[in-house]
Number of protein chains: 4
Amino acid sequence: MIRAAIIGATGYAGAQLARLLYMHPEVQVVRYGSRSQEGKPYASIYGAFRDLVTEPCGGEDLSEIAEEADVIFTATPQGYLASVISEEILEKAKVIDLSADFRFHDTDVYEAWYKIEHQGKQFVPEAVYGLCELHRSEIPGARLVANPGCYTTCSILSLFPLVKDGLIRPETIVIDAKSGTSGAGRGAKVDNLFCEVNENVKAYGVATHRHTPEIEQELTLAGAGEVTVSFTPHLIPMQRGILVTAYANIKEGVTEEDVAASYQAMYASEPFVRLLGSSPAQTRFVYGSNYCDIGWVVDKRVGRVVVMAALDNLIKGAAGQAVQNMNLMFGFPETMGLEMIAEVP
Amino acid sequence: MIRAAIIGATGYAGAQLARLLYMHPEVQVVRYGSRSQEGKPYASIYGAFRDLVTEPCGGEDLSEIAEEADVIFTATPQGYLASVISEEILEKAKVIDLSADFRFHDTDVYEAWYKIEHQGKQFVPEAVYGLCELHRSEIPGARLVANPGCYTTCSILSLFPLVKDGLIRPETIVIDAKSGTSGAGRGAKVDNLFCEVNENVKAYGVATHRHTPEIEQELTLAGAGEVTVSFTPHLIPMQRGILVTAYANIKEGVTEEDVAASYQAMYASEPFVRLLGSSPAQTRFVYGSNYCDIGWVVDKRVGRVVVMAALDNLIKGAAGQAVQNMNLMFGFPETMGLEMIAEVP
Amino acid sequence: MIRAAIIGATGYAGAQLARLLYMHPEVQVVRYGSRSQEGKPYASIYGAFRDLVTEPCGGEDLSEIAEEADVIFTATPQGYLASVISEEILEKAKVIDLSADFRFHDTDVYEAWYKIEHQGKQFVPEAVYGLCELHRSEIPGARLVANPGCYTTCSILSLFPLVKDGLIRPETIVIDAKSGTSGAGRGAKVDNLFCEVNENVKAYGVATHRHTPEIEQELTLAGAGEVTVSFTPHLIPMQRGILVTAYANIKEGVTEEDVAASYQAMYASEPFVRLLGSSPAQTRFVYGSNYCDIGWVVDKRVGRVVVMAALDNLIKGAAGQAVQNMNLMFGFPETMGLEMIAEVP
Amino acid sequence: MIRAAIIGATGYAGAQLARLLYMHPEVQVVRYGSRSQEGKPYASIYGAFRDLVTEPCGGEDLSEIAEEADVIFTATPQGYLASVISEEILEKAKVIDLSADFRFHDTDVYEAWYKIEHQGKQFVPEAVYGLCELHRSEIPGARLVANPGCYTTCSILSLFPLVKDGLIRPETIVIDAKSGTSGAGRGAKVDNLFCEVNENVKAYGVATHRHTPEIEQELTLAGAGEVTVSFTPHLIPMQRGILVTAYANIKEGVTEEDVAASYQAMYASEPFVRLLGSSPAQTRFVYGSNYCDIGWVVDKRVGRVVVMAALDNLIKGAAGQAVQNMNLMFGFPETMGLEMIAEVP
């Protein structure tokens with residue numbers, strides 16, 4: 001039994017962390033940190049926890065929290081963790097960060113896309129990018145894990161095998177993503193009101209979305225040279241789920257079988273990646289689960305592959321992935337507490 | 001470890017049963033029965049089960065199934081179970097019926113409201129109405145449990161204590177219920193198309209809905225004389241969840257405290273009923289869970305109490321309740337496999 | 001051609017006013033008033049007006065606006081109009097107020113339910129309650145019209161004939177209303193975020209909602225004594241539309257035919273009330289239109305009538321009604337600019 | 001005043017035709033044709049027409065209808081019109097076909113993608129492809145107009161100027177489209193049930209969708225050689241609206257200004273195309289209107305242009321476009337009956 005603290009527990013990712021950790025057999029949550037709601041009963045924010053979580057929201061002082069917790073999850077605004085992290089904290093507690101602060105090896109990239117000065121550069125070298133399917137071996141020994149972004153997880157998992165196996169021309173990659181609204185967070189903004197989101201679809205952050213360089217960093221690791229992508233996210237009227245539709249030109253002679261073999265080789269024994277063949281992925285079949293479902297079609301007529309991948313942005317795209325990282329860091333079975341089947345219907 | 005069979009496994013309640021039973025530590029599902037889909041892989045109907053359930057849908061021959069299962073869940077059309085149930089089947093397997101066939105003590109009432117001749121009247125006396133909060137003691141010994149309806153569960157739990165404790169005038173009860181669309185089932189009907197349901201609300205079955213006599217039967221058990229209610233269900237554009245808003249005139253002198261005490265007395269130690277005081281119940285805080293949340297307001301100005309209760313129609317209103325009954329029938333802890341926290345947000 | 005000004009033009013009711021007035025053949029909008037957005041192009045708030053409305057949002061100084069407009073629509077917070085209205089303004093321009101400031105004959109009632117001191121009591125006697133179906137004759141001569149609330153319009157139209165004709169016992173009236181979220185306005189509040197509203201239903205303002213005394217005031221005019229009602233609004237996951245389900249005990253001997261005759265007598269020649277008989281009203285069939293659809297069922301078994309009425313809260317419940325009032329005040333055909341058929345599907 | 005007949009009047013496109021034609025000042029609808037509902041009051045299918053349309057649904061015999069109507073709108077299944085059209089009919093009435101039967105100059109393409117033998121090939125040469133922005137001059141003299149598909153209209157309008165002006169490399173075009181569910185029609189299919197569509201997104205018809213060759217045929221007319229595209233439609237949980245996100249590599253040296261100038265040159269005086277510059281198009285701002293809104297971003301970093309275009313699939317993508325064609329064919333102002341502002345919010 002380990003003790004966990006959640007910083008930013010009243011946001012949507014924080015609430016999913018609270019939920020998953022509550023149901024995890026080896027974890028006790030010792031702090032529901034929330035700057036804005038400190039002192040209010042946590043269950044008064046989310047009635048789902050009524051009679052189950054009786055604690056009030058606590059403060060967010062990391063040094064204090066490091067004394068009482070074995071692991072700290074930070075679901076905090078960009079720049080926050082980098083500004084408060086310290087050697088003292090990391091000596092006492094492991095940190096799993098759901099913000100972007102430690103996702104980039106190159107802080108110049110971070111600063112250029114996030115327009116924030118990085119205040120914790122000394123910890124960048126030791127931070128591990130916590131996409132388990134790519135970096136599993138580095139996670140158990142890490143003190144600081146940078147949990148990947150939601151779009152990023154879905155995009156990287158979709159394309160990594162094809163880039164690595166040289167089946168596609170990386171310079172032709174176009175990623176068109178569709179996301180539910182929980183990805184926009186719980187802030188009180190007019191743009192996220194029901195009447196602005198419902199019965200509507202729009203692109204946003206076109207050519208400027210901050211998950212772009214994160215996707216590029218990781219796809220470049222596939223060894224086919226520096227990868228640059230077009231990434232366009234869209235907001236659609238649902239709460240949860242991301243669907244990535246990725247397009248790329250296949251190299252001469254590449255077949256449907258080659259593509260299938262590439263996915264099989266990389267993911268056949270992955271517990272949380274499911275391969276659908278030519279069946280289009282649907283977000284409802286991953287809703288509430290930690291799976292990333294991937295399907296693909298080779299369109300010979302135009303010489304492109306179309307990859308379709310779905311995940312729950314709050315689970316595999318945030319809290320579930322974070323728990324998967326925690327499992328690896330503390331020696332629990334990787335799937336512990338994460339074997340939920342998607343809600344149906 | 002017991003063996004369970006699901007008849008009607010491809011309907012929405014059947015799918016929830018499949019999901020809950022898959023995750024239940026003491027159950028192995030041995031049959032996913034579906035007349036219409038026999039032979040097709042179950043996971044091809046609901047992609048949520050991909051890589052988890054590899055069996056095809058099986059047939060629905062109850063006699064055959066009774067040989068291989070310890071418990072049979074029937075999520076079948078009204079009249080079906082009554083027409084095929086037999087002593088032989090009940091000697092071999094316990095049956096938990098999600099249809100209305102064995103909910104009524106008086107088959108005349110059933111036949112009048114359902115317009116179906118009851119073909120299994122000999123089993124009516126032994127059937128137990130499986131609302132655990134009212135009939136917990138009778139369930140363990142039962143061979144045949146009639147799982148309550150979704151509206152019914154929510155309505156009865158809302159009002160039973162107040163009727164029993166004589167706090168309201170039963171002849172003034174008005175129940176206005178709002179339901180998500182999964183309650184209408186997975187049949188291919190124009191009325192349930194997205195474009196007919198979305199951005200719409202309507203009442204249906206006004207004065208004729210079949211859950212009415214079921215509510216009346218159980219509230220009459222509260223001992224305040226024969227209870228007759230106005231019950232009006234509404235369809236609203238969501239998938240899951242029922243909210244019941246019940247109105248009744250309070251008797252002279254009844255206070256907010258009396259009402260609170262009545263709920264406390266009956267439900268304080270119930271594992272799946274949560275009392276919210278004057279806080280309005282919200283369906284999202286029970287989505288995916290087995291809870292029924294109940295709040296109330298005494299409106300002295302008009303001399304009425306307004307009770308608001310929420311549950312997930314597919315869980316506490318169907319599959320979860322059925323598993324709760326199964327737990328009681330087989331001596332498992334009543335809450336086993338049912339301790340999910342509602343999805344948030 | 002008259003000149004109209006909208007105060008509060010960037011709210012949802014204001015935007016509908018902008019839309020309806022733009023399409024009205026006898027109106028030119030001369031001011032899109034918005035305190036918070038003054039100076040910004042109106043079409044930058046609502047892209048629907050792109051290339052059509054090129055003006056920026058203007059200020060909200062009523063005295064200045066009265067110089068340039070023949071009619072002023074105020075879609076402003078409670079208390080605002082009462083605090084700025086003056087004889088000078090009313091001498092120059094007619095005012096149609098969408099707030100509650102002038103809806104009550106008795107300002108004590110207003111102050112008790114709204115917790116606001118009324119600062120324009122001298123204008124209360126001349127204000128006309130602008131529900132055309134009840135007060136048509138008083139509207140043409142009015143300088144100040146109080147446009148009714150959305151729930152109120154739907155509730156009063158549902159029940160007025162039955163109270164007036166003595167068919168129901170007024171003390172048994174229970175009104176259960178369901179509303180889309182646009183009724184909550186465009187303010188940036190967490191409660192109205194997509195992820196808080198979607199896949200959810202809840203009651204709010206139980207026993208305290210401010211539309212209650214407005215309903216009571218008007219139903220009392222029906223001449224059956226002082227009417228007191230239970231009124232409970234619910235928020236459901238749609239944008240537009242209100243459905244009222246009203247319950248009342250019928251008097252001894254009252255038949256379905258009596259009820260139908262009562263509705264016919266009052267509404268047969270009303271241009272914007274449609275009678276559905278026993279067919280349940282659906283909000284989608286009034287979406288975008290100025291109709292109020294009313295259906296009813298007499299449930300002899302329990303001695304109650306169930307009335308179901310639907311309207312679009314932003315049209316017949318706000319902007320459309322306001323235009324209907326304007327038409328009457330300026331001598332245009334009452335239906336001018338309001339003959340839209342609901343969007344289908 | 002002309003007389004119009006609608007064949008397939010109970011489908012969603014048919015209902016929008018009924019609505020727009022009812023509100024059109026120069027049209028009288030003389031037939032609401034529906035094979036499945038013949039004899040039933042049209043308003044009993046769509047309550048929106050209650051008290052307005054009192055006629056029953058009529059039959060679909062084109063020869064009979066041609067006697068009574070000046071124009072016939074056919075919103076019928078693929079292959080139907082081609083199998084019944086005749087010289088006699090076209091001599092008596094003009095036909096505007098909302099199916100794909102006469103959209104292709106090359107019937108081989110039609111037969112290959114639709115898997116239907118074309119039974120009216122003799123009328124293909126005279127049929128005009130009714131995308132007014134491309135073929136305005138040919139429409140007034142046509143007897144038979146093939147109304148374009150919904151995805152098609154949005155895709156062609158998005159890309160035509162850029163192809164024509166040689167700003168993009170046509171072989172790099174990728175079109176990712178998102179559609180509301182009304183595009184799937186009113187057929188009773190499980191896939192279109194609320195519970196299957198809501199809270200879900202999926203691609204469908206990947207590499208095989210029938211609107212692909214239609215887009216290619218028209219873009220090829222732009223004169224930059226034969227155009228082949230990747231087209232992938234997605235179903236999202238809303239009723240109405242299509243958003244097209246189109247990607248293409250820009251040619252060396254092409255700037256944001258070049259792209260803007262290209263759109264301006266082609267659409268500046270179009271009544272129903274609105275140019276948004278770098279502002280992303282949103283479907284809610286065209287909901288219920290006949291506009292197609294187009295925005296774009298030149299992403300220099302990756303050398304691509306991203307075009308975003310929105311329209312209402314039932315209006316500009318079907319019924320509105322058909323009325324626009326009718327206006328041109330009968331000499332009415334092109335915008336008559338089509339000047340609706342989108343519903344807000």
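# Working chat: domains, helices and chain contacts

Tutor: Chain A is divided into domain 1 (2-126) and domain 2 (151-313). Keep in mind that this is a predicted model.

Student: OK. How many Å separate the centres of domain 1 and domain 2 of chain A?

Tutor: The centres are 27 Å apart, taken over C-alpha atoms.

Student: And how many residues does the contact take from each domain of chain A?

Tutor: Domain 1 of chain A puts in 9 residues, and domain 2 of chain A puts in 7 residues.

Student: Which helix gives the most to the domain 1 side?

Tutor: Helix 6 (residues 107-114) of chain A does, with 3 residues. By class, the domain 1 side has 6 nonpolar, 2 polar and 1 charged.

Student: Let's do helix packing. At what angle do helix 8 and helix 12 of chain A pack?

Tutor: Helix 8 (residues 150-164) and helix 12 (residues 315-330) of chain A pack at about 100°, and their axes are 8 Å apart. So helix 8 of chain A is roughly perpendicular to helix 12 of chain A.

Student: Which residues meet there, in helix 8 and helix 12 of chain A?

Tutor: From helix 8 of chain A, take Cys150(A), Thr153(A) and Cys154(A). They meet Lys316(A), Gly317(A), Ala318(A) and Gln321(A) in helix 12 of chain A. That contact has 3 nonpolar, 3 polar and 1 charged residues.

Student: Now chain C. Are helix 8 and helix 10 of chain C roughly parallel or roughly perpendicular?

Tutor: Roughly parallel, because the angle between helix 8 (residues 150-164) and helix 10 (residues 211-220) of chain C is about 30°, and angles under 35 degrees count as roughly parallel. Their axes are 9 Å apart.

Student: Is that crossing of helix 8 and helix 10 of chain C left-handed or right-handed?

Tutor: The crossing is right-handed. On the helix 8 side, the contact residues of chain C include Tyr151(C), Ile156(C), Leu159(C) and Phe160(C). On the helix 10 side, they include His211(C), Ile215(C) and Leu219(C). By class, this contact has 7 nonpolar, 3 polar and 2 charged residues.

Student: What about helix 8 and helix 11 of chain C? At what angle do they pack?

Tutor: Helix 8 and helix 11 (residues 256-267) of chain C pack at about 110°, with axes 9 Å apart. That makes helix 8 of chain C roughly perpendicular to helix 11 of chain C.

Student: Which residues make the contact between helix 8 and helix 11 of chain C?

Tutor: Phe160(C), Pro161(C) and Leu162(C) come from helix 8 of chain C. Helix 11 of chain C brings Val259(C), Ser262(C), Tyr263(C), Ala265(C) and Met266(C). The residues divide into 7 nonpolar, 1 polar and no charged.

Student: Switching to whole chains. By what turn can chain D be laid on chain A?

Tutor: A turn of 180° with a shift of 0.0 Å along the axis, and the RMSD is 0.0 Å. The two copies are thus related as by a two-fold rotation axis.

Student: Which residue of chain D comes closest to the rotation axis?

Tutor: Pro237(D), with its C-alpha at 3.2 Å.

Student: How many residues of chain D are in contact with chain A?

Tutor: 39 residues of chain D, in contact with 39 residues of chain A. Among the elements giving two or more residues to the chain D side are strand 7 (174-179), strand 10 (242-249) and strand 13 (304-311) of chain D. That side divides into 20 nonpolar, 10 polar and 9 charged.

Student: Why say the copies meet through the same surface?

Tutor: Because 100% of the interface residues of chain D are also interface residues in chain A.

Student: And chain B with chain D? How many residues does that contact take?

Tutor: It takes 15 residues from chain B and 15 residues from chain D. Helix 9 (residues 194-197) of chain B gives the most to the chain B side, with 3 residues. The chain B side divides into 7 nonpolar, 5 polar and 3 charged.

Student: Last topic, the backbone. Which residues of chain B does a cis peptide bond join?

Tutor: Val344(B) and Pro345(B), with omega about -5°. Pro345(B) is in the segment after helix 12 (315-329) of chain B. In chain C, a cis peptide bond joins Val344(C) and Pro345(C), with omega about -10°.

Student: Which residue of chain C has a positive phi although it is not a glycine?

Tutor: Lys115(C), with phi about 55°. Lys115(C) lies in the loop between helix 6 (107-114) and strand 5 (128-129) of chain C.

Key
Residues numbered from 1 in each chain as written. Chains lettered and ligands numbered in written order. Predicted model: local features only at pLDDT ≥ 70, side-chain atom pairs only at ≥ 80, totals over all residues. Axes fitted to C-alpha atoms, helices over the stretch in contact; angles between N-to-C directions. Helix = DSSP H or I, 4+ residues; strand = E, 2+ residues; numbered from the N terminus. Parallel < 35°, antiparallel > 145°, perpendicular 65-115°, else oblique. Contact = placed C-beta atoms within 7 Å. Nonpolar A, V, L, I, M, F, W, Y, C, P; charged D, E, K, R; others polar. Least-squares fit on C-alpha atoms with pLDDT ≥ 70 in both. Left-handed = near helix turned anticlockwise from the far one by under 90°. Domains from an automatic or database assignment.
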